[in-house]
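Here are my notes on this one, jotted down as I went through the model. Have it open alongside and follow the points in order.

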Amino acid sequence: MYAPERQQEILRLAREGGRVDVLSLAEEFQVTAETVRRDLKALDRAGLVRRVHGGAIPAGRLDFEPDLAERDAVAADEKQRIARAALAELPGGEGGPGGPGGSGGSGSVILDAGTTAARLAAEIPLEAELTVVTHGLPVAARLADHPGLTLHLVGGRIRRRTRAAVDDWALRAYREVNADVLFLATNGFSLDGGLTTPDLAEAAVKRTLIAAARRVVLLADSAKFGQQHFARFGELSDVDLLITDTGLSPDDALAIECAGTEVVRA
C-alpha cells in the first residue's frame with residue numbers, strides 16, 4: 001500500500017471512530033510506528049486530522065464525544081487497574097486520606113460520572129462505610145445495594161450520552177457539599193490545556209465538583225493525556241493526585257509531578 005492510500009484509510013478510520021492511535025495503526029498496516037507518525041504528520045499539515053498524544057483525532061472534532069458503551073470498551077484493562085489503585089484513596093482506606101466523615105459513613109466522597117468512576121464504584125467493598133455523592137446514574141446503580149453506604153444521587157437534566165445529571169439543579173446541590181475526596185473524570189488533560197470535556201454543561205458540573213472536595217483525585221487513562229476538548233473546566237494544578245496507567249511515559253509523569261500533581265501509574 002502506497003503512503004497516500006494508507007493515509008486515506010487512516011483518515012477514514014479517524015472519522016469513523018473519532019480517534020486513531022499510532023500502535024494500532026502500525027499493527028493494522030504492518031508498518032513501523034514511525035511510519036504512522038509521518039502519515040499523521042502529513043494529515044495534520046493538510047488540516048485533516050489533529051495530532052494528540054499517542055495518535056490523532058479528526059480535524060474539527062474537538063467536541064467529539066463517544067457514547068457511554070463505546071467509552072467503556074476503550075482501554076478497559078487500564079481503567080480497571082486505575083479503579084483498583086483508586087481504592088487506596090477512599091477515606092479510611094489503606095493509604096487513604098482519612099478525615100471527618102459525612103452522616104452514615106466514616107468518610108465522604110464524590111464520584112464523578114465516567115466509565116472509570118463506575119468501575120471504581122463496582123470495586124468498593126460491600127462492607128465499606130462511606131457517604132457517597134454522585135450525579136452519574138451508572139455509578140449510583142452500582143452502589144445502591146451497598147448496606148454500609150449513605151448514597152446521595154444528585155438530580156438535574158440527564159445527558160443521554162453520559163447518563164449524568166447537569167444544569168442548575170446539579171450545580172446547586174454540589175455547592176452544598178464539602179467532601180473529603182473527589183474522584184474526578186475528564187475527557188482530556190495536559191499541562192498546557194488543563195482539564196477539558198466536550199460539553200459546557202458537563203464542564204460546569206465538574207468545575208463545581210472540584211470546589212466541593214478537600215482532595216481531588218483524577219482518574220484518567222494515559223490515552224487522554226494531550227487531548228484537548230471544547231470546554232475547559234480546570235487546571236491540572238487543581239488535581240492533588242493523578243491515577244493513570246503505565247502508558248503515560250515516565251518523562252510525562254515527572255513533568256506533571258514537577259508542576260505539583262502527584263502521579264500513580266497503575
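1. Start with helix α6 (residues 115–123): seven of its nine residues are buried, so α6 is largely enclosed by the rest of the structure. The buried ones are T115, T116, A117, A118, R119, L120 and A121. Here "buried" means under 20% relative accessible area, "exposed" over 50%, and "partly exposed" in between, with a 1.4 Å probe and protein chains only. Helices are DSSP runs of H or I with at least four residues, strands are runs of E with at least two, and both are numbered from the N terminus.

2. Before you go further, keep in mind that this is a predicted model: local features need pLDDT of at least 70, side-chain atom pairs count only at pLDDT 80 or more, and totals for chains, interfaces and linings use all residues. Residues are numbered from 1 along each chain as its sequence is written, and side-chain values use heavy atoms, with hydrogens and water left out.

3. What does α6 pack against? One partner is helix α5 (residues 76–86), whose axis comes within 8 Å of the α6 axis and crosses it at roughly 55°. That makes α5 oblique to α6; angles under 35 degrees count as roughly parallel, over 145 as roughly antiparallel, 65 to 115 as roughly perpendicular, and the rest as oblique. Axes are lines fitted to C-alpha atoms, for helices over the stretch in contact, and the angles run from 0 to 180 degrees between N-to-C directions.

4. Contact means heavy atoms within 4.5 Å. Sorted by class, there are five nonpolar, three polar and four charged residues in the contact of α5 with α6. For the classes, Ala, Val, Leu, Ile, Met, Phe, Trp, Tyr, Cys and Pro are nonpolar, Asp, Glu, Lys and Arg are charged, and the others, Gly among them, are polar.

5. Helix α2 (residues 22–29) and helix α3 (residues 33–45) have axes that come within 8 Å and cross at roughly 110°, which makes α2 roughly perpendicular to α3. The crossing of α2 past α3 is right-handed. V22, L25 and A26 of α2 make the contact with A33, V36, R37 and L40 of α3, and these divide into six nonpolar, no polar and one charged.

6. Helix α3 also packs against α1, at an angle of about 75° and with the axes 10 Å apart. The two, α1 and α3, are therefore roughly perpendicular to each other. Look for A3, R6, Q7, I10 and L11 in α1 meeting T35, D39, L40, A42 and L43 in α3. By class, the contact of α1 with α3 has six nonpolar, two polar and two charged residues.

7. Staying with helix α1 (residues 3–17), G17 sits in it and is partly exposed at 30% relative accessibility. The C-alpha atoms of G17 and I57 are 8.9 Å apart, although 40 residues separate them along the chain.

8. Two backbone spots deserve a look. Most residues other than glycine have a negative phi. R163, in the loop between β7 (157–159) and β8 (164–166), has a positive phi near 55° and is partly exposed, with a relative accessible area of 39%. D167, in the loop between β8 and α8 (168–174), has a positive phi of about 80° and is also partly exposed, at 32%.

9. In helix α8 you will find R172, partly exposed at 42% relative accessibility. R172 and G155 are 17 residues apart in sequence, and their C-alpha atoms are 9.8 Å apart in space.

10. Finally, the whole chain. There are ten helices and 15 strands, and 48% of the 266 residues count as buried. Among contacts between residues at least 6 apart in sequence, 60% join residues at least 24 apart.

Methods:
Left-handed = near helix turned anticlockwise from the far one by under 90°.
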